[in-house]
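This report examines one protein model in two parts.

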Amino acid sequence: MPHDPAMQYRPETLAITSGYDPASASGAAKPPVYLTSTFVYESAAQARDIHEAYFRGTGPMAGKPAYIYSRLSHPNLAMLETRLAAIDGAERAAVFASGMAAQSAIAFQYLRPGDSVLHCRPIYGGTDALYNHLMPHFGVHVVQMFDGCDGDHIRARADLALAQGPLSLIVIETPANPTAAITDIALVVAIADEIGARTGKRPLVVCDNTFLAPFAQRPIALGVDLNMTSLTKYCGGHSDLLSGGISGRADLIEPLLQTRTMLGSHCDPFTCWLVLRSLESVAVRSERAMANAALVAAFLRDHPKVAGVTYLGFLPEGSVQRAVFDRQCQGAGSTFSFHLHGGQAEAFALLDNLRLVKLAVSLGGSETLACHSATTTHYNVAAADRAAGGITEGTIRLSVGIEHPDDLIGDFAQALEQV
Ligand code: PLP
């Protein structure tokens, strides 16, 4: 039975049903991989009509599934975009070759020389480099905000940005890499509205939802304009691909598709197929990984060799961050940091003695990964900035996977004994 879009299925169901109709492919229960770079037309007139539909959105082929060349779009990409939009609760989605390809397309599409951008800090290193190293070469002014839960602070930083040029984008990542700092999404959206009313130009609010992924945080429902996710992480979920998605209103996503065509940063058919399949299980994988993370975090917090654990589930009751977390998140995620008493020697001793947990960067895969933040993910960050972000020489970042929690805790217990 083809999926009936009129039925209001929940996102967990849409993750399995949306985007692919077996009737379109000889009844195959799962979609074929369309390994082709170009598409054959029935006639010259049909080729013209398909191009008219793509470039103008008009004519007899408008709104019908038809393809020109795989850099523009292809069937596996269209299936994945339909499914991602359905899961995120958005009108439309665009899928790219990586999370950074997605974030870069937003910057190239929605910024012009003289514009300003306001972004949260901390933020993922690649996003930081895009806005602070690359965009200034194109005449873009960049301002940071440091407390995403404090309206007065955000308004003051936005005024600083507005003083330099029209504010086009407010880019947030919440929880942020690596400290799990939280930004109040609804507050940022309200401030964007205020700026729009005051200046006549409302900045777009872009939210990076990579850390919690679609089943633990729903930025579109909270009012963001563009919801960006590195699909490489929880959505892909097996540490075997790179991809990135953006969801939002159709009028904001469609220009990004044109930009993607120019940048050549579409996602290839096999990777789209893998992500489409992985999306079917992201809800249950997230649930299991988050349950495991809660147990591992509690074990580490109580261990005498551990100085502290930076885990969202431990945000102090009564704090502003806790209130925002309770309001906007449906789970605490499964990526967090812990800090050993001592320094690099102790952290290395722990990492070198782990037998089950793998030593690698990245996050959101089925397997548990650990890394020493100061010498890997934050190698290029100045020591003072690392310290300001709460990263010590004894800090280890963990991405907890879906193994049996007792095996994970057993591995940490035996490795901590060697420290
Ligand atoms: N956003 C966040 C929060 C990330 O952690 C990452 C990668 O680690 C990215 C974006 C970039 O994603 P990708 O590696 O798929 O380009």
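**The ligand and its surroundings**

Of the 13 residues around the ligand, those that come nearest are G99, M100, D208, S230 and T232. The model under discussion is a predicted one, and the distances below should be read with that in mind.

| Residue | Protein atom | Ligand atom | Distance |
|---|---|---|---|
| G99 | backbone N or O | oxygen | 2.8 Å |
| M100 | backbone N or O | oxygen | 2.8 Å |
| K233 | polar side-chain atom | oxygen | 3.0 Å |

On its own, the ligand has 390 Å² of accessible area, and the protein covers 92% of this area.

**The five-stranded sheet**

Attention now turns to a sheet. Five strands form an open sheet in the order β8-β9-β12-β11-β10, and their pairing is mixed. Strands β8 (306-310) and β10 (358-359) stand at the edges; each has a single partner strand, so one side of each is left without a neighbour in the sheet.

**Strand β12 and its two partners**

How does β12 pair with β9, and over how many bridges? The two strands pair in the antiparallel sense, over five bridges. In this pairing, F336 stands opposite L398 of β12. Strand β11 also pairs with β12 in the antiparallel sense, here over four bridges. The bridge partner of A370 in β12 is L398.

Are the residues of β12 buried or exposed? Five of the five residues in β12 are buried, and the strand is described as mostly covered. In a regular strand, side chains alternate between the two faces of the sheet. In β12, T395, R397 and S399 point one way, while I396 and L398 point the other way. The residues of both groups are buried. A residue counts as buried when its relative accessible area is under 20%.

Notes
Residues numbered from 1 in each chain as written. Predicted model: local features only at pLDDT ≥ 70, side-chain atom pairs only at ≥ 80, totals over all residues. Heavy atoms only, no water. Pairing = 2+ DSSP bridges. Near = heavy atom within 4 Å. Polar contact = N/O pair within 3.5 Å; in protein donor to acceptor, adjacent residues only side chain to side chain. Areas by Shrake-Rupley, 256 points an atom, 1.4 Å probe, with all protein chains shown as cover. Buried < 20%, exposed > 50% of the residue type's maximum accessible area, 1.4 Å probe, protein only.
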